[in-house]
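User: I am new to this structure and would like a close look at a single part of it. Please start there and then connect it to the rest.

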Amino acid sequence: MTDATTSQLCAQVAQALLARGWKLATAESCTGGMIAAACTDLAGSSNWFERGFVTYSNEAKVDSLGVDAGLIAQHGAVSEVVARAMAFGAIRHSLAQASVAVTGVAGPSGGSAEKPVGTVWFGFQVDGRLTSERRHFDGDRAAVRTATVQHALRRLLELLTPGE
């Protein structure tokens with residue numbers, strides 16, 4: 001079940017997408033489909049949610065989204081270039097006009113000095129424009145994943161409604 005904050009963000013994203021006649025695709029690694037699940041918890045989501053890719057493994061990122069394996073080998077799965085490639089791939093392999101991608105280290109293990117637990121890269125493609133950003137979230141695995149979902153939706157909403 002989706003919490004109230006996430007539900008409200010999904011409803012706002014839905015309104016913004018519907019106003020443009022657009023659909024959304026998600027490409028998720030560290031959240032394992034939580035963004036897609038939150039979106040589809042909302043009644044009527046079939047009018048604006050096109051599909052979700054859960055690409056937890058590197059192979060899935062390559063096979064499902066067309067991420068270049070060389071990018072993953074060179075930069076690691078948790079990187080700006082991979083997040084951007086995931087967002088681009090979600091658009092390319094769907095009928096959506098907007099996408100959000102997340103790849104990160106949710107923990108409790110898997111972190112490093114360069115990419116500590118809580119590090120998440122986000123990729124967004126909205127109206128043909130590809131953007132990315134890195135965030136760090138504190139807390140346990142559940143807290144990092146929840147914060148990732150909420151930030152993804154909040155930032156997507158900002159990109160869909162510039163200047164509002």
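Analyst: Aspartate 127 sits in the loop between β4 (119–126) and β5 (129–136). This is a predicted model, and in it aspartate 127 has a positive phi of about 55°, although the residue is not a glycine.

Proline 108 lies in the loop between β3 and β4. A cis peptide bond joins glycine 107 to proline 108, with omega at about 5°.

The next topic is the largest pocket, whose volume is about 180 Å³. Its lining consists of 15 residues, and those that lie nearest the centre are Cys30, Tyr56, Gly104, Val105 and Ala106. Strand β3 (98–104) and helix α3 (58–65) each supply at least two residues of this lining. By type, the lining divides into seven polar, six nonpolar and two charged residues.

Helix α1 (residues 4–20) packs with helix α6 (residues 141–160) at an angle of about 30°, and their axes are 9 Å apart. Because angles under 35 degrees count as roughly parallel, α1 is roughly parallel to α6. The crossing of these two helices is left-handed. On the α1 side, the contact is made by residues including Thr5, Leu9, Val13 and Arg20. From α6, the residues in the contact include Val149, Leu153, Arg154 and Leu160. The residues of the contact of α1 with α6 divide into 11 nonpolar, four polar and two charged.

Note on methods:
Residues numbered from 1 in each chain as written. Predicted model: local features only at pLDDT ≥ 70, side-chain atom pairs only at ≥ 80, totals over all residues. Heavy atoms only, no water. Axes fitted to C-alpha atoms, helices over the stretch in contact; angles between N-to-C directions. Helix = DSSP H or I, 4+ residues; strand = E, 2+ residues; numbered from the N terminus. Parallel < 35°, antiparallel > 145°, perpendicular 65-115°, else oblique. Left-handed = near helix turned anticlockwise from the far one by under 90°. Contact = heavy atoms within 4.5 Å. Nonpolar A, V, L, I, M, F, W, Y, C, P; charged D, E, K, R; others polar. 1 Å grid on protein atoms, 1.4 Å probe; cavity = no way out; pocket = protein on both sides within 12 Å on 5 of 7 lines; lining within 4 Å. Points joined across faces, edges and corners; volume = space filled by probe spheres on them.
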